[in-house]
Amino acid sequence: VEYLGALFWLSAAVICLVRLATGQQPRILLAVWMVLSFLFFGEEISWGQRILGFETPEVIADVNEQGEFNIHNLGLLDRFGSSTQHLFRALFITYFLALPLVTHLSNRVRRWMLRIGYVTPDVWFLAFVWGVIGASVVLQAIGPEAARRVTGETRESFYALSVLVYVYLYLRTAALPGRLSEQETAPATA
């Protein structure tokens, strides 16, 4: 399941890179998603450690919760009562739940987000993403032990798939004539 998630992250990074190289818009978000997707890809495969078979340097193994060559298991945010998983989830929720709601409700926020190239996903996409994530949270909380062990990794792969589908479907259509003006003129209550 981890390698599938890694493949999704790598695919998203490559799509963003190709679109940046061909001059497609929105450049800011394409660049951000390219860097993040490549970072998450590298982290998911511990920067090639399992593939290449190299040992974790002792200085990293001593502070890494899983003894792997990656950043997200270093416990950097532990002293603040959080973790990299919590930070990732907060950012995912912000981008795929809070921003769509706020851009729908506020013309001012919508116009600002459009300037940086944010494209609000359709309701069907958001319902699918949050339906699957919600089901995985419930399964993790009340499911059998065997299901709980794989649910976290499966959910991480689904995060990657969600980003891949988003950059493929939405950041591609942002550059098409009419797409931005369609979002810009959509009704809002604020």
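Biologist: What span should the 20 residues of α1 have, at 1.5 Å a residue?
Modeller: They should span 28 Å, and the end C-alpha atoms of α1 are 28 Å apart, so the two agree. Bear in mind that this is a predicted model.

Biologist: OK, and which residues of α1 are buried?
Modeller: The buried ones are G5, A6, F8, W9, A12, A13, I15, C16, R19 and L20.

Biologist: Switching topic: how many residues are in the largest nonpolar core?
Modeller: That core has 34 residues. W33, Y166 and V167 have the most contacts inside it.

Biologist: Which helices each supply at least two residues of this core?
Modeller: α1, α2 (27–44), α5 (84–105), α7 (123–142) and α8 each do.

Biologist: And which one gives the most?
Modeller: α8 does, with nine residues.

Biologist: Back to W33, then. What is it in contact with, leaving aside neighbours within four places in sequence?
Modeller: W33 is in contact with C16, Y95, F96, V163, Y166, V167 and L171.

Biologist: Let's look at α8 itself. Is S162 buried or exposed?
Modeller: S162 sits in helix α8 and counts as buried, because its relative accessibility is 2%, below the 20% cut-off. Leaving aside neighbours within four places in sequence, S162 is in contact with F92, F125 and V129.

Biologist: What about T151, buried or exposed?
Modeller: T151 is also found in α8, residues 145–173. At 5% relative accessibility, T151 counts as buried. Not counting residues up to four places away in sequence, T151 touches S136, L139 and Q140.

Biologist: Last thing, confidence. What does the chain average for pLDDT?
Modeller: The average is 80, and 78% of the residues score at least 70.

Biologist: Where is confidence lowest, and where is it highest?
Modeller: Confidence is lowest in helix α9, residues 179–184, with a mean of 44. Helix α1, residues 2–21, has the highest, at 93.

Biologist: Over which residues is the pLDDT below 50?
Modeller: That's residues 175–185. In the model, this stretch has 17 contacts beyond near neighbours in sequence.

Conventions: Residues numbered from 1 in each chain as written. Predicted model: local features only at pLDDT ≥ 70, side-chain atom pairs only at ≥ 80, totals over all residues. Heavy atoms only, no water. pLDDT = per-residue confidence, 0-100. Helix = DSSP H or I, 4+ residues; strand = E, 2+ residues; numbered from the N terminus. Contact = heavy atoms within 4.5 Å. Buried < 20%, exposed > 50% of the residue type's maximum accessible area, 1.4 Å probe, protein only. Expected span 1.5 Å × (residues − 1). Core = buried A, V, L, I, M, F, W, Y, C linked by side-chain atoms within 4.5 Å.
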